[in-house]
Every structure is written in C-alpha cells, then in structure tokens.
Amino acid sequence: MPSITKPLIPLAPLPTNDLGLTIRDYEGAMSTLCAGCGHDSITAAIVQAFWELAMPPRDIAKLSGIGCSSKTPTYFIRGAHGFNSAHGRMAAIATGAAAANRELTLLGVSGDGDSLSIGIGHLAHAIRRNVKMVYVIENNGVYGLTKGQLSASADIGTRPKKGEANVIAPIDPIMLGLSMGATFLARSFSGDKEQLVPILKAAVAHNGFALIDVISPCVTFNDHEGSTKSYRFVREHEVKEVVTDYVPVREEITATVGGRGSRTVTMHDGSVLTFRATPEGYDPTNRLSVEAYIRDHQRHGEVVTGLLYLDESGSSMHEVNHTPAHALAKIPVDRLCPGSAVLDDLMSDFR
Amino acid sequence: MTIDAGREVRVNDFAIKLANVNGTGSASANGLLMQAIFRMGIPVSGKNLFPSNIQGLPTWYEIRVNGDGHTARSLEYDLMVAMNAQTYGEDIGSVRSGGYVLYDDSWPLDAALLRPDVTLLGVPFAKMCLENFAKPRERILMKNIAYAGTIVALLGIDADLVAGLLAETFARNEALRESNQKALRLGYDYAVEHFECPLPFRVAPMDKTSDHILIDGNTAAALGALYAGATVAGWYPITPATAVMDNFTKLCATYRRRTVPAEGPDESPTVVNDYCIIQAEDEIAAIGIVLGGGWAGARSFTSTSGPGISLMNELLGLAYYTEIPVVLFNVQRTGPSTGMPTRTQQADILLCAYASHGDTKHILLFPADPKETFEFAVESFDLAEHFQTPVFMLMDLDIGMNDWVVPRLRWDDARTFDRGPVLTDEDLAGMKEFFRYANANADHVAARTLPGSDSKGAYFIRGSGHDAFGRYTERPDEYQEVVDRLKAKHAAAAAYVPAPMILRRDGARVGLVTLGSCDLAVREAADLLAERGVAADYLRVRGFPFAPEIREFIESHDHCFVIEQNRDGQLRSLLALEAGVPLTSMTSALFYGGFPLSAGQVVDAVLENLEA
C-alpha cells in the first residue's frame, strides 16, 4: 500500500506548543492500516505526547522493524528522520544509531512478532545495554500482514480466526524486561490515550531503555470472541491501578496529588514522575514486588496497566562507554585520525 | 667451530618447520626466531599452522628465509624442529633429503623413525630444563626458549640480538627475563658444544628490512579503521577475525581518549572515549549496529569471517537497497559450515560479491598483505561513504593472523577524506525540496542528509520498494528505475577501487591472474617458470567491480591461469560473469586445503596443464 499524504485541511486556529507548532506538525502520512486498528490510536498518542513535550521534530529519529506496527512511523512526526528496517532487527539498528548520535531522541516502534519472536534476542540485549530509547511494542497477539497467525504473545486458549486454540505459554515483554534488568517498563492499552500519553512522555525523559507494551487489538484478525487481545476483553479485564502523571522539568509543579500509595520519582533530566495512585504495597521501584503483583493478577485473567517499573539509577549505554556528550558522528574525521607523527612513532612497536 | 669443507653452503635461503604441542608456549619462541632474523635485515616469513584447539593438539610454525624476498610458504624443509612426539613420524618424514631434524633426546627415538638421508640432532631439552628450573610450568615454557637457543646457534643467528629481544619483551619482569636468558644460553651452549655450528644453511646479516616492519593483517586492519576515523563498531567474536576488534579496542584506548575540562568550579575533568565498540549478541546485531551507525553518519564497521557474513546477509541487502555506508572486514577461513576455523581460504568471494537476496552487488577489496590491508582499510571507508553502500575488505587468515615483513606504514597528513555527498542545514536552506534518492551525481549517488538535520531534509527509508525520490512504490517502472541506478552505481566504482597490479615479462604468452594472499607465491612461481622457459605475465586483482585492464589482460594472453584458494574457482567465475571474459579462456589452478600457498604448487599446476 502506498503512503498517502494527509490533506491539510485548514481548521480553526489550533493551539500551539512552546515551539509554536500545532499538533498537525507532529503528524505524518495518512495511515493505510485497517479502519479501527489499535495501532492508529497509538500513533495519535505519540503525536500528542511529542507535541506536548514540544520536542523539535528534527531531534527525533523513528525506527521500526517489519509488520503492521512497523509501518506506523510514517504516520507520525514527518519532520523526523525515519527508518523502517528489517524484521526483528530494529533494536540492533537503533543501538548503532544511538552509538553514533546520542543527541537524537530515538523512538522505536515494533510489534509482538517483530519483538517477541524473530527479534527477541536483539530486544533482550538492547534492554541489557540500557540503550537510551523509547521502545513501543504494539501488541496484538497476531501476525496481521500474513493474515492472522498467532504470535508469541498470544495467551493460552486464545483462538485464532481459523485453526486451533493456542496451547503454548505466551511471552510477556514486561516479565522479559524484569528478568533482563530493564529500567523502565510500562503497559498500556491503545484505547486509553489518557494513560498512554504521560507514559510516553516519561519514557522520553527516562535515562535508558524504556519499554512500553501497548495492547493494541487487531480488528481484522484478533478482535473476536476467544481472543484475549480484543477491545472487549481488555476493557473487561484491565486493572488500571498504577496511575501516573509526568511533569516536564520546565513546568512548575503545582498539582498536589495524594491518594493511596502516591509517590514521586525524579527523572534523570530533573522532570518529575508522580505515581498518582498505586495499590497498597505496590512499589514501582522494587522488581520483586512488581513481578509478584503482575503474576497475581495474571492468575485471575487480569491485565495490569500503567508505568509498572522504574529505575532511574542505572547507567545508559553511553555512560558505560564514556562517550562524549555530543554525537560521535559530528566529530570531524580528520580530528579522529592520529596523523603521520603518531604512525611513524607506532612503527617502532612493529620492529 | 665451523667446518664447511665438502658441504654446499646456502646463505639466507632455507626453510625450517617447528612441530609443537598447542598451548605449551611455543608461539613466543617461534616468533622470537622470526623477529631476530628480521632484525638482521633478512627477508623472512612465519606461518602459524595451528589447530582449532586451546591445548594439546599438534601445531606447526614455518619460517622461510629468503634474501631475494621470496617469502611465500615453502614446502622444502631444511630443518625440522620436532618437539611433539605425537607427530614425530609425519614430521621426520617431511624433511627434504639431506636435511636435519632437531629433537629432544631426553627420551630415545623409535628406530623405525630414522632416515638415512637426514641428520638427527638430539638435545636433552626436557632433562636440561628439569635440572635448571624448579617450577613445573617454567620447565615446560623454558624448553621452548632452550630449543630457540639451539636454533640460534645452528642457523648463525646473532645471539646478542636475541638476548636483547628477550630483554625488551621481559623488561618489566626480572624473574622471567633471567629464566629466559638462562634457557636461551643452555640451548645455545649445548649446540655449540655438540654440533658443527652453523649448519650449511644459515643466515648472514643483510640490509633489506631496515625500512620494514613485522605486522599481522588484523592489527593493520585495526590501524586502518583508526586512521579512517571509524567511531562505531559492532562485532561478534569469531576466529580468525577477533583480533581486528581486539586491536581496534586497544588502539582506541590510546589514541581516542581525551580529557574534557571541567565545566564548572565544582566539577572535575572527565575522560571521554571518541568511539563506541559494541560486542553484539550475534553477527546479525553486529551488522545492525553498523547500519544504524552508518545511517546516523558515523564511520561504522564490523569484523567477521564467513559464518558471520552468512548471518549478515539480510541486513546487507537492506544496506545496499537503502544506500547506507557499511564497512566489513571478512578475515576468510575455511568453509563450508564451521569448516576449519584456523585454516586459511579465499572461498567467500562470491558470497560477498552478491551477499543478500534479490539483485545485490557489492564493492570488494582484496589486500595481499598487512600493508595493503592498512591502505585499503582507509580506502574502504571512503568508498563506503562515496558510494553509500557496503564495502567488503576480503582478507584471509594468512594475512590476518600471521606476521608479515612489509614496508613501514606511512600516513600523508595532506590526505583528505571522502565523506560522499551529505547535505548540511545550509545546503537544505537553499533547496526548494529534498528527496533522499533524487538528483544523483555522475557516479549515480544521491546526496543524503543525516538524522538530526533540519526537518526539510527528513526522510523515511525503507527496505520495501521505493521510487526515485524514496517514496513507497509497487509500480514496476518506478522500482526498476531505482535498482537500475544501483547497478550503474556499482559499475561506477570500478574506477575507484584499487587498480590491478600487473607485472610483465618480455614475450609472455601465459598470464597468471590471482588475488589477495596468493601474491608472493604466484610472483615467485612466475620467476621459477621463467627459469623453466615459460615467460608469464602477472596480474593481481585488487578490487571488484573489475577494472577494464583485467579483461584486456586476459584477452591478450594465449593461456590464462586463475590461481586462487577455493574449490570452485570463484574468482574465475566472477570474472566470467562480471568482466565479460569467456569462462573457457581461463584455466583454474585451485588450492584449498587450508594452508597458505607455495610457489612450487603453482609451478606444478601450471606446467602440468601446459604440458597437457
């Protein structure tokens, strides 16, 4: 399907952000996904989040693998460079782009097939390296472009549109992240922009690998009875207890929040993340209790959403490698070349 | 005491082979001997023929000394240093008639192994070390230095020079320095006392290496990447390429570290690394990292061997089609499959030329030795950015892991780097509109922008079908327009890759075409053939796509041999496919057992064919 340029219809003056840009400036081409696809709602949340953050589009690089979800970077932030790469390999390519230019805000979009089957090794190692990037899994439990095969995230008992119910244990990206030492783990639902937008903003501020698993129903192949990734199932089984607010560093914090289990975490860049409502005994900075909480709810067929785990104390890939504050790609090559005197000198080591 | 009466003396023209047990520390003793001969100004080579094993299996080292510079591997061994009882039979059997065998006579030698045409030189190395050294590990290690001492005496190597080299090596460890000197002296004195030293083949000082160095290709490759300004590297450990990245890491730690002054009075200065080397989870990730780095504008590379290239194929197609600069060092080993990881071969030529599915074609460079490896390595980064495409440095284990005597590496500070067409924000400001693949230059390359540049230059690249502007397409004509340009772009690189090296002889009707590490053996073979009345011209292919001179060379000879180290004649096939030379106009001479090539093998193959 070709990408279609979105017609710019003049509307009543739209609000602008700190850069004087309207939300339209963060949009991309017209989506060619199925009408009602959950992925389009995630696209809308991404547009909203980056517009609210007032991030210059040129500072963003969008990367994806292959699949329905991976087509979406063309539908948002047209002013950013984008790379629709190969199936499962986006995390590796993003790692290289991060190495070359740490000034970029990297936004990776992937799917459950891309991330949890063919690319699970790269995802696991990008988490381990703590590459500073936002990594969104648009998780629908099926392979859409090849017409509805179940993916590795399909729950036991899930029935594909055609064929037998799944009997193999699913891979939960949040559990994977917890065991790989992830520093930012969130789950959301494509139908819940109100929850997803602050999570995306917090993910951008996070100093490391921010994994967001977004359950995103496939209206064509996985929205029927017997699916655990359908709109109806998620709406009926979602446990939305970990509610967060993200306050950028430049905004004055005026909102006072309370309620049960409220706590704040200061992000690496000074911005503040508030867990407005967390269930009793839930500590989003304690790996063990997070895992126990999610597992407990899973046993009851419930899907816990929200920013589930956060560790701001970890070192990102660049800190571990002691790379300079600015992009390696911007250092002129002749400054990197040691020159003839050094080589002449070095030659005595080879005598 | 020297008695040469009745013996033919050969100075600076012989070969020795040392048979050892892997993991016993013999490599440093063998390397020491080669280095000493090099320091005496004599052309020399050392070939390590080692097993894929950490400890226990047989391993060999060959040293060839040749004052005329013929230092390809020789199969005529004048002296066998038999230090491995497991292989006595094979080793004693392989010495040339009239040659010598040095062995450890702490234990008696099986009478069945004796040869009437070979002189046995027994030295009680084990006994000697048992009596002189206390620690068990030292007794094993010092045996190596003791036999080196004996060889120093037997070959007439400058003993003071060797003692000096040991002192340099162990400058910081007095205990080890003394043990080594003692072992050297033990072996040396025993030889002088018991044998006629030196042997009829021996060394004598020359002045042919004072402007040379002793270096392996993997180190040279790393130096090339350093000098080319590479900053991002993704890699996965694999023999025989691992040392490329090990060396690059070491060099970067010395030459790419700088101190950034403190920003405020309360801050302290920090040390930063102007590089990022990532050991990946597999070769797919390694090349993925390189693609990401290249796309984002850093000079990026990987080092690997055949199995790694197999895994990288999919992303190499992506880099080719989306036009991302990528440099790969492929230190070839013996395939297929795991093959023989510690043996050399040139069998990835076709794999690399056409790596990936669909219509792909890549730029290949074929260095012959570490010096060319350094020079071509720098060149490969320029080519990758000039043509926005993957470039393969096709080395092999022989080049990568053996020490070679080559002229000193030089750097011209006036050299400029070719970064290819990249648009800056200022360039973009003067443009009406930017499209990634539009307005290609004379070499069919379109200017790119880098992520982070002005939004006017933002583009979306994809491995799926795109048109001449970079927009998604499934239209036949638009798709073909792009892949046809990529073909023309590849062809344009023929004028940029290193030109073939051609050496001519008067009246030659025979042509010898070869590549890479076959260089010295084939050049020596041409000399030997001339002595046998066959004048042969020489051409060494140094890059792909092929320069037109290659076709002209083949067409202008009655008989052309293509000499290469693989089973299927891959260079010959590629020449037929891509240079338009009929396959039947070239005869293959193929050597693919896994050891470096020798001139004798080439001469035999050529003469056998010409006589037939």
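Mentor: Two residues are in contact if their C-beta atoms, placed from the backbone, lie within 7 Å. By that criterion, 70% of the contacts in chain A with a separation of 6 or more are made by residues 24 or more positions apart. The model is a predicted one, in which local features need pLDDT of at least 70 and side-chain atom pairs count only at pLDDT 80 or more, while totals for chains, interfaces and linings use all residues. Residues are numbered from 1 along each chain as its sequence is written, and chains are lettered from A and ligands numbered from 1 in the order in which they are written.

Along the principal axes, the C-alpha atoms of chain A fill a box of roughly 75 × 50 × 50 Å.

Let us begin with the contact between the chains. Chain A contributes 50 residues to the contact, and chain B contributes 60 residues. On the side of chain A that touches chain B, the elements that give two or more residues are β2 (81-84), α3 (90-100), α5 (120-129), α11 (333-336) and α12 (339-346). The most comes from α3(A), with 8 residues.

What does β2(A) join in chain B? The answer is strand β20 (residues 460-462) of chain B, which runs parallel to β2(A) and is joined to it by 3 bridges. Two strands pair if DSSP finds at least two bridges between them. A:F83 has B:I461 of β20(B) as its bridge partner, and A:N84 stands opposite B:R462 in β20(B).

β2(A) also has a partner within chain A. Strand β1 (residues 60-64) of chain A is joined to β2(A) by 4 bridges, and these two strands run parallel. One pair to find on the screen is A:K62, whose bridge partner in β2(A) is A:G82.

Are the faces of β2(A) covered or left open? Both are covered, for A:H81 and A:F83 on one side are buried, as are A:G82 and A:N84 on the other. A residue is buried if 20 or more other C-beta atoms lie within 10 Å of its own, exposed if 12 or fewer, and partly exposed in between, with C-beta atoms placed from the backbone. Of the 351 residues of chain A, 53% count as buried.

A:A54 lies in the loop between α1 (38-53) and β1 of chain A. Its phi is positive, about 55°, although A:A54 is not a glycine. This residue is partly exposed, with 15 other C-beta atoms within 10 Å. With 17 other C-beta atoms within 10 Å, B:H444 is partly exposed.

We may now turn to the nonpolar core, a set of buried Ala, Val, Leu, Ile, Met, Phe, Trp, Tyr and Cys residues joined through C-beta atoms within 7 Å. The largest has 278 residues, of which A:A97, A:V134, A:L200, B:I37 and B:V81 touch the most other members. Helix α4 (residues 136-155) of chain B supplies the largest share of this core, 11 residues. Leaving aside residues up to four places away in sequence, A:V134 touches A:L106, A:L107, A:G108, A:L200, A:A203, A:V204, A:A210 and A:I212. A second, separate core has 6 residues, among them A:L150, A:A154, A:C218 and A:F221.

For comparison, look at a sheet within chain B. There, 6 strands form an open sheet with mixed pairing, in the order β3-β4-β2-β5-β6-β7. At its edges stand β3 (44-49) and β7 (119-123) of chain B, each with a single partner strand, so one side of each has no neighbour in the sheet. Within this chain, strand β5 (residues 77-82) and strand β6 (residues 95-104) run parallel and are joined by 5 bridges; B:V95 in β6(B) is the bridge partner of B:Y77.

One runs from B:T239 to B:P240, with omega near 5°, and B:P240 is in the loop between β10 (232-235) and α8 (242-255) of chain B. Another joins B:G335 and B:P336, with omega about -5°; B:P336 is in the loop between β15 (326-334) and β16 (340-344) of chain B.
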